[in-house]
Amino acid sequence: MEKHLIFMDIDGTLVDRDQQISPRTRSVVTELQQEGHEFYVATGRKYSSAYEMAKKLTDATQVIASNGSVYSINETLHKKRLSDAALEFIYQTMSVHDLPMFFFGEHTIFYTQQLPSYLQKNDQSRIGNSEEDFLFIDSLETLMTISQRIVNGIVIADEREAELEQVRKILEESHLLSVSSSHPNNLELIPLGVNKATAIQAVQNNLVIPQKNIISFGDGMNDLEMLQTSGISVAMGNAVAELKKHAKFITDTNVEDGIANFLIDYFS
């Protein structure tokens, strides 16, 4: 069979609620890699967290991180970052609305308010771990002194979804950055013109694999562009309803080996 390029979101797609990859999924991916197919995780996580999860899957799995801002091709890392103008506008806008900001480098998290408790306790691995740096941003001036280290960011505000939609419109109308969302309680802040699809296209062009041989799996709206640029787009059974409308296929949920089940059927 012709070589395929396969991209998988992590949270809600590759891993379960306990951040675990099923042995069945790992076995299927390993077998397909041995047959010559290429696999990537494609996630909103920062690079170090995404890299760690990729290696838990298999050593050969490569990485698209920070919603396409950071990606690897043949062991070479490519990176784009939020501009200084975007960072300044984000900070001023969120300060007016008293919304918490979290900015990500490849390894470091910069924050303006306390991390939500559920991320600290139950899902901290999605953001970082105790071995990595968490640096507090107390002013716009402090933010701008480390701006070159920042790749992307996220705003998380539980039970303020209506306000987040208003803020999203303000950010989008600035034309300084791209905005996505993996859940109604967040806004993902991405360099202008960047998303998972732009990274996929760069990988595709380098590896010279036709679009019809690109498979992608996702569950959230930050996976939309990724599915749209793939010849074979697959929404998880647990995906949001809107994403399912744009997918060519719907597989089982992330806790029912949805990725493995689809790949077994497809390649058989």
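Colleague: Which residues of helix 7 are buried?
Modeller: The model is predicted. At 1.5 Å a residue, the 12 residues of helix 7 (196–207) should span 16 Å, and the 17 Å between its end C-alpha atoms agrees with that. The buried residues of helix 7 are Lys 196, Ala 197, Ala 199, Ile 200, Val 203 and Gln 204.

Colleague: What arc do the buried residues of helix 7 cover around the axis?
Modeller: The buried set is Lys 196, Ala 197, Ala 199, Ile 200, Val 203 and Gln 204. These residues sit on the same side of helix 7, because around the axis they cover an arc of only 160°.

Colleague: Which helix is included in what covers the buried residues of helix 7?
Modeller: The cover includes several strands, among them strand 1 (5–8), strand 2 (38–42) and strand 12 (214–218). It also includes a helix, helix 8 (224–228).

Colleague: Which residue of strand 13 is the bridge partner of Phe 217?
Modeller: Strand 12 runs parallel to strand 1, with 4 bridges joining them, and Leu 5 has Ile 214 as its bridge partner there. Strand 12 also pairs with strand 13 in the parallel sense, over 4 bridges. In strand 13 the bridge partner of Phe 217 is Val 234.

Colleague: How many residues does the largest nonpolar core have?
Modeller: Met 8, Leu 14, Ile 215, Phe 217 and Leu 263 have the most contacts inside this core. Elements giving two or more residues to the core include strand 1, helix 1 (23–34), strand 12 and helix 10 (258–267). Apart from it lies another core, of 24 residues, among them Leu 164 and Leu 171. The largest core has 30 residues.

Colleague: Within what arc do the buried residues of helix 6 fall?
Modeller: Leu 164, Val 167, Arg 168, Leu 171 and Ser 174 are buried in helix 6. They line one face of the helix, because seen down the axis they fall within an arc of 120°.

Colleague: Which exposed residues does the face of helix 6 turned away from its buried side carry?
Modeller: The buried residues of helix 6 pack against helix 3 (84–97), strand 9 (152–156), strand 10 (177–180) and strand 11 (186–191). The face turned away from that buried side carries the exposed residues Ala 162, Lys 169 and Glu 173.

Colleague: Is Gly 105 buried or exposed?
Modeller: Gly 105 is found in the loop between strand 6 (101–104) and strand 7 (109–111). Leaving aside neighbours within four places in sequence, Gly 105 is in contact with Lys 46, Phe 110, Arg 149 and Val 151. The relative accessibility of Gly 105 is 4%, and under 20% counts as buried.

Definitions and conventions: Residues are numbered from 1 along each chain as its sequence is written. This is a predicted model: local features need pLDDT of at least 70, side-chain atom pairs count only at pLDDT 80 or more; totals for chains, interfaces and linings use all residues. Side-chain values use heavy atoms; hydrogens and water are left out. The expected span of a helix is 1.5 Å times one less than its number of residues. Buried means under 20% relative accessible area, exposed over 50%, partly exposed in between (1.4 Å probe, protein chains only). The arc is that of the directions from the helix axis to the C-beta atoms. Contact means heavy atoms within 4.5 Å. A nonpolar core is a set of buried Ala, Val, Leu, Ile, Met, Phe, Trp, Tyr and Cys residues joined through side-chain atoms within 4.5 Å. Two strands pair if DSSP finds at least two bridges between them.
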